[in-house]
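Please keep the sequence and the structure in view while reading.

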Amino acid sequence: MSYATLLVYVNADHVSKQLVSVASGLADKFSAKLIGLSALAIMPPVAAEGVVIVGNATEFDIAQMKAKLDQAGNKFRAAAGADRQTEWRSFLEFPTETLISEARCADLIVVEKNKVSWSIHRVADNGSAILGAGRPFLVVPAAVKSLAADHVVIGWKDTREARRALQDALPFLHETKRVTIVEICDKEQMETARHHVDDVVGYLGRHKVKAEARVETQLLGSTGADQIIGLAVDDGADLLVTGAYGHSRLNEWVFGGMTRDLLRSSPICCLMSH
């Protein structure tokens with residue numbers, strides 16, 4: 001099992017060479033095709049009290065957007081280099097919806113960690129995309145220049161999302177030097193948690209992946225995300241694998257606390273699946 005196709009989403013207004021470099025390195029690692037993707041949406045007319053404030057985009061506006069996407073494609077190809085199999089895709093559509101739709105072509109989607117933005121016409125929302133795409137996402141902090149994935153920490157919780165993330169991470173786990181399964185739980189749940197984590201260690205062992213188990217009680221005043229990030233960083237991990245939790249309510253994604261905090265705070269790469 002491996003990743004045959006990687007999809008990296010780039011911001012057309014600011015193409016991150018480091019993000020493309022991380023994605024390119026992983027494409028080499030897994031001998032995978034690399035697809036670059038970006039999108040910009042045309043602003044609709046805006047009216048207030050019956051008066052149109054912003055009209056329909058002109059042909060010149062649309063031409064500028066297309067040129068911006070073409071420039072992003074050129075920057076992607078330059079950052080990826082000519083010595084690997086790449087493809088560029090761009091659309092005049094909403095970025096988040098485009099990312100969710102195009103996810104069908106890839107085994108793993110690589111995105112840069114970003115702040116919550118109201119620019120839905122120019123910026124893809126990572127959280128919504130993760131919960132809607134049906135593919136694993138690798139969220140890369142801006143400071144990360146490469147990902148060796150030498151030590152992978154799996155944030156375990158006995159849920160469907162965590163099981164999915166574990167399965168989706170197997171290509172990384174087969175290539176890594178060290179795997180640690182961590183569950184953070186209440187004191188009275190320690191015995192149950194140890195049983196669950198030992199089962200995961202045994203499961204990975206049958207997949208030829210050696211892993212170690214670690215169960216910790218949740219510290220008073222600390223979120224689960226803060227604690228697992230701290231454990232991973234202190235132990236020298238460079239990849240954190242977790243389930244992504246959330247649901248749709250009134251056409252808006254509502255995220256679980258762990259998922260939200262990891263998307264905002266993790267200084268290391270996170271592989272997330274929903």
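Are helix 3 and helix 4 roughly parallel or roughly perpendicular to each other? In this predicted model, helix 3 (residues 95–102) packs against helix 4 (residues 126–133) at an angle of about 30 degrees, and their axes are 9 Å apart. Angles under 35 degrees count as roughly parallel, and helix 3 and helix 4 are therefore roughly parallel to each other. The crossing of this pair, helix 3 with helix 4, is right-handed. On the helix 3 side the contact is made by Thr96, Leu99 and Ile100, which meet Ser128, Ala129, Gly132 and Ala133 in helix 4.

**Overall composition**

The protein contains nine helices and 14 strands, and 45% of its 274 residues count as buried. Among the contacts between residues at least 6 apart in sequence, 79% join residues that are at least 24 apart. The protein exposes about 13900 Å², of which carbon and sulfur atoms supply 50%.

**Helix pairs**

| Helix pair | Angle | Axis separation |
|---|---|---|
| Helix 1 and helix 2 | about 50 degrees | 9 Å |
| Helix 3 and helix 4 | about 30 degrees | 9 Å |
| Helix 8 and helix 9 | roughly 50 degrees | within 8 Å |

Helix 1 (residues 17–29) packs against helix 2 (residues 59–80) at an angle of about 50 degrees, which makes helix 1 oblique to helix 2. Helix 1 passes helix 2 in a right-handed crossing, and the contact involves Lys17, Val20 and Ser24 of helix 1 together with Phe76, Ala79 and Ala80 of helix 2.

Two loop residues can be considered alongside this pair. Arg84 lies in the loop between helix 2 and strand 5 (86–91), and, leaving aside residues up to four places away in sequence, Arg84 touches Ser24 and Asp28. Ser31 belongs to the loop between helix 1 and strand 2 (33–39). Although Arg84 and Ser31 are 53 residues apart along the chain, their C-alpha atoms are separated by 9.1 Å.

**Helix 8 and its surroundings**

Which elements do the buried residues of helix 8 pack against? They pack against strand 8 (151–155), strand 9 (178–185), strand 10 (212–217), strand 11 (239–243) and helix 9 (257–265). The buried residues of helix 8 (residues 224–234) are Gly224, Ala225, Gln227, Ile228, Ile229, Leu231 and Ala232.

The axes of helix 8 and helix 9 come within 8 Å and cross at roughly 50 degrees, which makes helix 8 oblique to helix 9. Helix 8 passes helix 9 in a right-handed crossing, where Gly224, Ala225, Ile228 and Ile229 in helix 8 meet Met258, Asp261, Leu262 and Ser265 in helix 9. Asp261, which is placed in helix 9, counts as buried because its relative accessibility is 15%, given that buried means under 20%. When residues up to four places away in sequence are not counted, Asp261 touches Thr223, Ala225 and Ser266. Helix 8 is followed by Gly236, whose phi is positive, near 80 degrees.

**Thr180 in strand 9**

Strand 9, one of the elements against which the buried residues of helix 8 pack, contains Thr180. Is Thr180 buried or exposed? Thr180 is buried, because its relative accessible area is 2%. The side chains of Thr180 and His151 are joined by a polar contact of 2.9 Å. Apart from residues up to four places away in sequence, Thr180 touches His151, Val152, Val153, Ile154, Glu212, Arg214 and Asp235.

**Loop residues with positive phi**

Ser31, in the loop between helix 1 and strand 2, has a phi near 50 degrees, a positive value in a residue other than glycine. Ser31 is exposed, because its relative accessible area is 69%, and exposed means over 50%. Lys208 is placed in the loop between helix 7 (190–206) and strand 10, and its phi is positive, about 65 degrees, although Lys208 is not a glycine. At 73% relative accessibility, Lys208 therefore counts as exposed.

How values were computed. Residues are numbered from 1 along each chain as its sequence is written. This is a predicted model: local features need pLDDT of at least 70, side-chain atom pairs count only at pLDDT 80 or more; totals for chains, interfaces and linings use all residues. Side-chain values use heavy atoms; hydrogens and water are left out. Buried means under 20% relative accessible area, exposed over 50%, partly exposed in between (1.4 Å probe, protein chains only). Helices (H or I, at least four residues) and strands (E, at least two) are DSSP runs, numbered from the N terminus. Contact means heavy atoms within 4.5 Å. A polar contact is a pair of N or O atoms within 3.5 Å; within protein, one must be able to donate a hydrogen and the other to accept it, and residues adjacent in sequence count only if both atoms are side-chain atoms. Accessible areas come from the Shrake-Rupley method with a 1.4 Å probe; for residues, only the protein chains shown count as cover. Axes are lines fitted to C-alpha atoms, for helices over the stretch in contact, and angles run from 0 to 180 degrees between N-to-C directions. Angles under 35 degrees count as roughly parallel, over 145 as roughly antiparallel, 65 to 115 as roughly perpendicular and the rest as oblique. A crossing is left-handed if the near helix is turned anticlockwise from the far one by less than a right angle, and right-handed if clockwise.
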